[in-house]
Amino acid sequence: SRVFSSGIIPRSTTALTVGGTKVSAAELNHYYVDSVNNFLNEYGSYAAMFGLDTSKPLDEQFYNEAENQTWADYFIDNATTSAQNMYAVYNAAMAEGFTMSEGGKASVDNAVANYGMYAGLYGFGSADAYIAAMYGEGCNEDTFRHYAEVQTLASEFAAAKNESLTYDDAAIRAEDDANPDEYSSFTYNYYYLANSKFYEGGTYDEETKTTTYSDEEKEAGRAAAEAAANTLLTATTAEELDAAIAALEINAEAETAPKSTLSTDTAYNSVLSVLRDWVTADERKAGDIAVIPNETTTHNHAEGEECTGDDGETVVNGYYVVRYESMNENLTKLVNVRHVLVSFEGGTTDSNGTVTYSDEEKAKAKTAAEEILAAFEAGEKTEESFAALATEKSTDTGSKENGGLYEDVYPGQMVKNFNDWCFDAARKTGDTGIVETEYGYHVMYFVSTDDTTYRDLMIETTLRSEAMTEWETGLIEAAELVVKNTNYVRKDLTLGSAT
């Protein structure tokens with residue numbers, strides 16, 4: 001544990017500067033501990049796989065021993081990068097006279113107030129004492145408030161910048177023409193036959209409990225995998241393909257019949273990279289089927305030398321059999337819809353944390369939804385009257401205060417039954433209905449169909465993302481980072497004490 005002083009020195013010591021703005025050692029501890037906690041949240045149970053011993057201080061174990069870099073150094077690097085990125089945007093906001101919204105101010109106040117609540121809950125004498133225990137010497141309400149204000153103002157400034165970006169149809173069409181496949185999605189089946197499934201012979205090592213195969217045995221396995229893959233090419237339907245897969249000799253002893261994987265409406269960048277060129281080719285048509293080798297190339301160039309791509313050996317590890325079904329150009333128009341959610345209540349939680357609801361509990365929610373729809377039908381039957389019901393009765397915190405409104409909904413954004421109702425081809429303004437999802441029963445009101453297609457939304461999203469990345473990168477590059485004194489950062493922290 002650390003004995004905390006008044007904290008004057010960490011608060012007055014400059015740990016680094018970003019574009020000339022000083023960041024104190026106490027403030028850098030906020031970035032540092034949050035970096036540790038982010039790692040814990042994402043990888044905590046797998047820390048050992050990264051070589052991290054959670055029982056030891058971070059400055060007593062190496063992240064990269066060759067570079068003499070400890071785990072404390074690693075997290076300090078992350079913290080300084082985060083501080084540079086945040087202050088680059090914050091400083092730009094301040095230079096333009098941008099001010100925080102009332103909602104932003106309220107969120108900062110709430111975050112600070114929460115520490116006062118936690119202090120009492122965990123037996124600390126004050127919020128300052130609790131924050132110091134959480135973040136380090138010199139950290140208190142004032143340093144946390146400033147930390148939160150910098151992040152909130154920077155976030156709101158970036159959001160305002162993003163909202164200010166507009167793209168006319170010419171810009172959208174130009175991007176579409178340049179990268180047409182990237183805004184379509186593809187449906188296909190695939191099945192992988194690894195060479196190793198066909199290996200025979202080999203030499204078993206009792207000590208390592210592993211079997212090694214000669215080059216000749218590996219080549220025989222590769223040839224057998226290719227031959228098996230080619231036998232599947234006669235399938236004319238997905239069902240025939242699955243039947244042929246199940247009939248393969250290597251699958252004879254399988255408890256359940258293996259079958260191909262169906263990849264439905266898959267975005268261009270999510271199509272398996274080894275299959276992408278074939279699946280997205282212009283000439284592709286429904287029912288096309290092919291065998292595609294899964295290859296890796298070993299590169300023989302020396303470290304530091306340029307890789308030419310053809311300076312190594314290419315090895316085939318197995319074969320994919322892929323059957324093409326369709327392409328979706330994503331020309332469906334966006335929709336606007338309102339809903340009132342009646343959540344299921346009660347439920348039974350199992351050992352895995354999964355909640356299930358009884359028929360009686362579901363019936364109760366359904367009855368409540370039907371009563372809400374009946375009240376709407378008995379009233380003015382306008383969008384405004386539906387919005388009033390949503391504000392009064394909906395349990396969906398994400399839309400309740402907005403009259404249950406979701407705008408610019410795109411296909412697949414919502415859960416299945418909700419989505420299917422919205423995108424029914426017969427749907428028209430003023431339609432109502434009730435749908436069940438895992439969240440409860442939704443009383444639906446269809447507002448309108450947009451002129452904008454999902455495809456154009458994706459294109460505009462890409463253009464915005466690229467523009468924002470360029471903008472933020474420019475600010476960061478212009479905000480010089482100078483590391484001064486990080487001696488007061490909690491380098492001796494252990495992961496257990498970071499939570």
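This is a predicted model: local features need pLDDT of at least 70, side-chain atom pairs count only at pLDDT 80 or more; totals for chains, interfaces and linings use all residues.
Two strands are said to pair if DSSP finds at least two bridges between them.

I begin with strand β16, which spans residues 440-453. Strand β11, covering residues 333-343, pairs with β16 in the antiparallel sense, and 10 bridges connect the two. Within this pairing, valine 340 has valine 443 of β16 as its bridge partner.

β16 also pairs with strand β15, residues 432-437; these two run antiparallel and are joined by six bridges. Here glycine 433 is found opposite methionine 444 of β16. Together β15 and β16 make a hairpin, with two residues between them.

Is β16 mostly covered or mostly uncovered? It is mostly covered, since 10 of the 14 residues in β16 are buried.

Which residues make the nonpolar surface patch of about 520 Å²? They are Met117, Tyr118, Leu121, Tyr122 and Phe124. One of them, leucine 121, belongs to helix α4, which comprises residues 102-121. Leucine 121 has a relative accessible area of 59%, and is therefore classed as exposed, the cut-off for that class being over 50%.

Finally, the cysteines. How many disulfides does a search of the whole structure find? The search returns zero. The cut-off for buried is under 20%.

Thank you for your attention.

Definitions and conventions: Residues are numbered from 1 along each chain as its sequence is written. Side-chain values use heavy atoms; hydrogens and water are left out. Buried means under 20% relative accessible area, exposed over 50%, partly exposed in between (1.4 Å probe, protein chains only). Helices (H or I, at least four residues) and strands (E, at least two) are DSSP runs, numbered from the N terminus. Patches are made of residues with over 30% relative accessible area and no salt bridge: like charges are joined within 9 Å, nonpolar side chains (Val, Leu, Ile, Met, Phe, Trp, Tyr) within 5 Å. Accessible areas come from the Shrake-Rupley method with a 1.4 Å probe; for residues, only the protein chains shown count as cover. A salt bridge is a side-chain nitrogen of Lys or Arg within 4 Å of a carboxyl oxygen of Asp or Glu. A disulfide is a pair of cysteine sulfur atoms within 2.5 Å.
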